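Here is a friendly briefing to read alongside the model. Have the viewer open, and take the topics one by one.

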There are 2 protein chains.
Amino acid sequence: MNGLPMTVPDPGLPARVRIHEVGARDGLQNEKTAVPTAVKAEFVRRLAAAGLTTVEATSFVHPKWVPQLADAEELFPQLKGLTGVHLPVLVPNERGLDRALALGADRIAVFGSATETFASRNLNRTVAESLAMFEPVVARAKEGGAHVRGYLSMCFGDPWEGPVPVHQVVRVAKALLDLGCDELSLGDTIGVATPGHVRALLSSLNDEGVTTDRIGVHFHDTYGQALSNTLAALRHGVTTVDASAGGLGGCPYAKSATGNLATEDLVWMLDGLGIETGVDLAALTATSVWMAEQLGRPSPSRTVRALSHKE
Amino acid sequence: MNGLPMTVPDPGLPARVRIHEVGARDGLQNEKTAVPTAVKAEFVRRLAAAGLTTVEATSFVHPKWVPQLADAEELFPQLKGLTGVHLPVLVPNERGLDRALALGADRIAVFGSATETFASRNLNRTVAESLAMFEPVVARAKEGGAHVRGYLSMCFGDPWEGPVPVHQVVRVAKALLDLGCDELSLGDTIGVATPGHVRALLSSLNDEGVTTDRIGVHFHDTYGQALSNTLAALRHGVTTVDASAGGLGGCPYAKSATGNLATEDLVWMLDGLGIETGVDLAALTATSVWMAEQLGRPSPSRTVRALSHKE
């Protein structure tokens with residue numbers, strides 16, 4: 001098969017999808033292995049060389065909370081020479097924004113929650129308080145000409161609250177956009193969503209005036225549902241999909257089980273559907289194989305495993 | 001989340017799906033661990049108790065080729081008392097059919113190939129010769145009142161021939177139905193299919209007069225595509241889906257990587273979509289956890305891993 005699926009387009013799906021690659025940030029922040037800054041820089045460079053046009057590079061969160069990414073100040077300047085790729089960074093608050101802007105970041109992301117329990121546990125704030133905290137962050141980023149992404153986590157289910165009502169997600173999503181976010185990333189943080197639920201949330205957002213071009217989707221593969229949920233989102237017209245090279249990000253309870261949708265599994269499907277991504281699957285897979293060696297464990301991506309076995 | 005997804009139906013999908021459970025046959029025939037006959041019988045019983053209504057029980061192939069299922073004669077009579085469940089068995093030829101019918105099997109399956117190379121390697125025959133071999137098998141099974149399923153492997157890609165042309169698959173599929181098969185199971189034996197390819201094959205079969213109610217789909221998760229391909233098939237109206245409890249069947253090259261679509265991952269999606277299957281996900285997961293203990297390795301099913309961790 002020379003490592004590529006047969007291409008058979010499916011009418012009703014987009015012609016092109018932008019992959020928002022989160023492996024270097026969302027992936028590595030959940031890895032236990034300490035990764036040297038030079039390896040992180042090489043990872044981002046290789047991802048860009050494989051054709052990814054948006055590679056979330058790191059997070060300017062306090063090192064106390066995410067020690068894995070404590071080297072953001074060292075890492076980000078090493079990526080300066082890269083062209084043809086956006087390098088958004090996550091910032092938790094104004095202090096993080098200051099650090100990111102000082103280094104020339106022109107794309108930032110904030111990370112909110114659709115549920116009170118996760119907002120409380122992850123941000124130590126109510127949802128309203130977290131939005132108030134983001135307000136000056138987004139405003140100042142926009143004033144500085146930066147593009148702003150709003151992550152919204154727990155959009156489908158929450159480990160403490162159970163299923164999350166669609167209207168509750170829509171309310172917080174609209175609030176993030178009202179703050180000035182250019183795009184939203186709807187996160188299924190615990191991986192419980194199914195295609196009808198995805199479609200219902202997207203439809204409700206549309207009904208409330210949020211156009212699909214401002215919506216990205218971020219699915220987790222905890223229950224193996226990420227790719228079918230992505231297909232449902234594509235069928236609804238979504239063209240921005242988050243994924244993590246090699247499925248990095250792991251899962252707290254199972255070795256090499258996956259959290260994030262693996263970029264390679266996504267690209268396999270998109271290649272097969274004739275949907276343009278600009279990504280070279282072989283180069284991406286080689287990058288994930290290399291990164292798995294750095295981390296000392298196999299990639300949980302099924303496509304990476306299948307293709308790397310054949311090499 | 002108490003182990004269940006939120007139910008949000010998606011218009012345009014079937015109200016009910018029949019799962020054709022293949023773990024006890026297709027799964028165990030690919031496992032290296034020798035499984036005692038009593039464990040196999042208990043496995044089938046537990047699968048039926050979890051609500052599966054079609055549980056492929058074993059194969060009457062020569063023990064030389066599939067030693068894992070050499071105990072078919074011992075196993076099958078132990079399942080006699082089960083009610084509310086069909087117990088199809090695979091037969092390779094007339095000799096296998098004789099053995100199956102002698103034990104009272106009333107559902108049989110034959111296993112064909114859409115490609116010449118796999119027919120040659122797996123059946124030691126051309127495609128035409130294999131159809132000639134199946135002809136008396138199907139005819140005699142039908143005369144005896146048995147229901148006959150025709151497996152068609154390599155429907156999307158073949159490891160030696162690459163992508164398989166849709167018209168070639170349609171030709172062999174029609175030939176199997178012309179022999180008298182009641183239903184087809186379209187197999188993506190190497191897991192390379194993507195949703196547009198699935199849709200194209202199903203449409204071509206319809207164009208050639210094969211109605212969707214006679215078609216089942218059998219996807220492998222080698223590249224992580226099985227569930228999105230299943231979703232595409234459901235959207236086309238397919239209501240028979242093959243899956244393997246716990247993802248049994250493995251993968252020759254990666255420990256706990258998956259070959260067959262895991263029944264639990266499928267049921268999670270179908271439950272979330274409000275599609276009836278009659279399967280109790282908790283009971284099914286408990287069965288796969290138990291079977292994984294018998295095999296001495298974790299289940300590759302993501303849903304099994306996620307749910308059993310929570311227990």
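**Strands, symmetry and the shared surface**

Strand β4 (residues 89–90) of chain A and strand β5 (residues 107–113) of chain A run parallel and are joined by two bridges. Please keep in mind that this is a predicted model.

**How the copies are related**

- Chain A can be superposed on chain B by a rotation of 180 degrees, with 0.0 Å of shift along the axis and an RMSD of 0.0 Å.
- The two copies are therefore related as by a two-fold rotation axis.
- Which C-alpha of chain A is nearest the axis? That of Ser228(A) is, at 2.1 Å from it.

**Where the chains meet**

- Chain A gives 50 residues to the contact and chain B gives 49 residues.
- Of the interface residues of chain A, 98% are also interface residues in chain B, so the copies meet through the same surface.
- Together the two chains bury about 4,100 Å² between them, and 64% of that is on carbon and sulfur atoms.
- Between chain A and chain B there are 12 residue pairs in polar contact, counting pairs with both residues at pLDDT 80 or more.
- On the side of chain A that touches chain B, the elements giving two or more residues are β7 (157–158), β8 (162–163), α8 (195–207), α9 (226–235), α10 (263–272) and α12 (302–310) of chain A.
- Which element supplies the largest share of that side? The answer is α12(A), with seven residues.
- By residue class, the side of chain A that touches chain B divides into 26 nonpolar, 14 polar and 10 charged residues.

**Salt bridges**

- Side chains of opposite charge can pair when their charged atoms come close.
- Over all chains, the count comes to 34 salt bridges.
- Between chain A and chain B, the count is four salt bridges.
- Across the contact, Asp10(A) forms a salt bridge with Arg199(B), and their closest N and O atoms are 3.0 Å apart.
- Within chain A, the side chains of Lys40(A) and Asp71(A) meet in a salt bridge at 2.9 Å, N to O.
- This pair links distant parts of the chain, 31 residues apart: Lys40(A) belongs to helix α2 (residues 37–49) of chain A, while Asp71(A) lies in the loop between β3 and α3 (72–75) of chain A.

How values were computed: Residues numbered from 1 in each chain as written. Chains lettered and ligands numbered in written order. Predicted model: local features only at pLDDT ≥ 70, side-chain atom pairs only at ≥ 80, totals over all residues. Heavy atoms only, no water. Least-squares fit on C-alpha atoms with pLDDT ≥ 70 in both. Contact = heavy atoms within 4.5 Å. Buried area = accessible area lost by both parts, 1.4 Å probe. Polar contact = N/O pair within 3.5 Å; in protein donor to acceptor, adjacent residues only side chain to side chain. Helix = DSSP H or I, 4+ residues; strand = E, 2+ residues; numbered from the N terminus. Nonpolar A, V, L, I, M, F, W, Y, C, P; charged D, E, K, R; others polar. Pairing = 2+ DSSP bridges.
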